[in-house]
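These are my notes from going through one structure.

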Amino acid sequence: MSEPTRAPRNPMTLKPVVLELPGMHEVTVRADIDAGGPTLDVYTPPGGGGLRPAVVFVSGYPDPGFEMMLGCKLKDMASYVSWAKLVAASGMIAVTYANRQPEDVALVMRHLRAHGATLGIDPDRIGVWASSGNVPNALSLLLRDAEVRVACAVLAYGHTLDLDGATHVADAAKQYHFATPAAGKSMDDLRADVPLFLVRAGRDDAGLNTALDRFVAAALSRNLPITLSNDPTAPHAFDIVDDSETSRERIRQMLGFLRFHLAG
């Protein structure tokens, strides 16, 4: 049986991040590294310097389905390529990956923990970045029973957890087909020692922000180490659709948080 025809590239997949930094075009990219199922693209800053911290860009969608809908793998979207180069230009290693199913992120983290040093990665300094429907899968890495400890996380304009009987995240997952492996978990199931940077877009979907606002309130009530950046006028995916100095400042904030907690 022949494979279904891939969709043409959706215009959204061709949009880079609205910020550029010096050194982005000198980044070294090693593509399609086998990680025991998933394949990794590793973006490394120029120069040596021993082991470096790394940022993994978490996917919440199965790449075969994502490719059929939007015409490319998540890691090959122009925004993910440019985000990875921004991270590398900031002195860290960036890791994107292709999966078969969202749960493959556990294989990625396990591989980096065991073999990261061969890629120039310090396995004790690995953070994650996720946005939108990818955030629930990233949250599964922050649970107390997660196999590999994450050093910090940036969660941008993302779906989070359904708390207090709400169904906003579950409803969005049915509509957009992203994974929710942390469904049914509470804030008490999250590690209390992982710094989180949460980015809220004020003009985002009401259900997404309602869930996010409850998540923030619950995190604060438990004195979790969170930082919130809220832009009242920002749309969803502002980092690629809103070419403004405000958007660029939010992106710089995310990079600065990662540098602070990973690079020291």
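**Entry 1: the cavity lining.** I sorted the lining of the largest cavity by class and got 5 nonpolar residues, no polar ones and 1 charged. The lining consists of Leu 142, Leu 190, Arg 191, Val 194, Leu 196 and Leu 224. Arg counts as charged, so Arg 191 is the charged member of this lining. The model is predicted, and I read every value here with that in mind. I put the volume of the largest cavity at about 30 Å³. My search of the whole structure found 1 cavity of 30 Å³ or more.

**Entry 2: the largest pocket.** Next I looked up the open space. The largest pocket has a volume of about 700 Å³. Which residues come closest to its centre? Of the 33 lining residues, I noted Tyr 61, Ser 132, Gly 133, Tyr 176 and His 236 as the closest. I then listed the elements that give two or more residues to this lining: α1 (63-70), α2 (78-89), β5, α5, α6 (206-221) and α7 (238-241). Helix α5 gives the largest share, 5 residues. By class I recorded 17 nonpolar, 12 polar and 4 charged residues in the pocket lining.

**Entry 3: Ser 132.** Ser 132 sits in the loop between β5 and α4 (135-139). Its phi is positive, about 55°, although Ser 132 is not a glycine. Most residues other than glycine have a negative phi. Is Ser 132 buried or exposed? I found a relative accessible area of 17% for Ser 132; the cut-off for buried is under 20%, so Ser 132 counts as buried.

**Entry 4: the loop between β6 and α5.**

- His 159 is placed between β6 (153-156) and α5 (168-176). At 7% relative accessibility, His 159 is buried. Leaving aside neighbours within four places in sequence, I listed its contacts as Ser 132, Gly 133, Val 135, Pro 136, Val 169, Ala 172, Phe 178 and Leu 208.
- Gly 158 is in the loop between β6 and α5. Gly 158 is buried, at 4% relative accessibility. With neighbours within four places in sequence left aside, Gly 158 touches Ser 132, Val 135, Leu 208 and Leu 212. I also took a C-alpha distance: Gly 158 and Asp 239 are 81 residues apart along the chain and separated by 13 Å.
- Asp 164 also lies in the loop between β6 and α5. Asp 164 is exposed, with a relative accessible area of 76%. Its phi is positive, about 60°, although Asp 164 is not a glycine.

**Entry 5: aromatic pairs.** How many aromatic pairs does the whole structure hold? I found 9. I wrote down one of them, Phe 57 with Trp 129, as tilted, with 5.3 Å centre to centre and 45° between the planes. Phe 57 is in strand β3 (residues 52-57) and Trp 129 in strand β5 (residues 121-131), so this pair ties together parts that are 72 residues apart in sequence. Phe 57 is buried at 2% relative accessibility, and Trp 129 is buried at 1%.

I then looked at Phe 197 and Phe 257. Their ring centres are 5.2 Å apart and their planes are at 50°, so this pair is tilted. Phe 197 belongs to strand β7 (residues 196-201) and Phe 257 to helix α8 (residues 245-263), so the pair ties together parts that are 60 residues apart in sequence. Phe 197 is buried at 5% relative accessibility, and Phe 257 is buried at 8%.

I also noted that Phe 57, Tyr 80, Trp 83 and Trp 129 form one aromatic cluster.

**Entry 6: helix α1.** Which residues of α1 are buried? I listed Asp 63, Phe 66 and Glu 67. Seen down the axis of α1, these buried residues fall within an arc of 100°, so they line one face of the helix. An α-helix has 3.6 residues a turn, so residues three or four places apart point the same way. Strand β4 (93-98) is included in what covers the buried residues of α1. Just after α1, I found Gly 71 with a positive phi of about 90°.

Note on methods:
Residues are numbered from 1 along each chain as its sequence is written. This is a predicted model: local features need pLDDT of at least 70, side-chain atom pairs count only at pLDDT 80 or more; totals for chains, interfaces and linings use all residues. Side-chain values use heavy atoms; hydrogens and water are left out. On a 1 Å grid over the protein atoms alone, a cavity is a set of points where a 1.4 Å probe fits but cannot get out, and a pocket is an open set with protein on both sides within 12 Å along at least five of seven lines; lining residues have an atom within 4 Å of a point. Grid points are joined across faces, edges and corners, and a volume is the space filled by probe spheres set on the points. Rings of Phe, Tyr and Trp (its six-membered ring) pair if their centres lie within 6.5 Å; planes under 30 degrees apart count as stacked, over 60 as edge-to-face and the rest as tilted. Helices (H or I, at least four residues) and strands (E, at least two) are DSSP runs, numbered from the N terminus. Buried means under 20% relative accessible area, exposed over 50%, partly exposed in between (1.4 Å probe, protein chains only). Contact means heavy atoms within 4.5 Å. The arc is that of the directions from the helix axis to the C-beta atoms.
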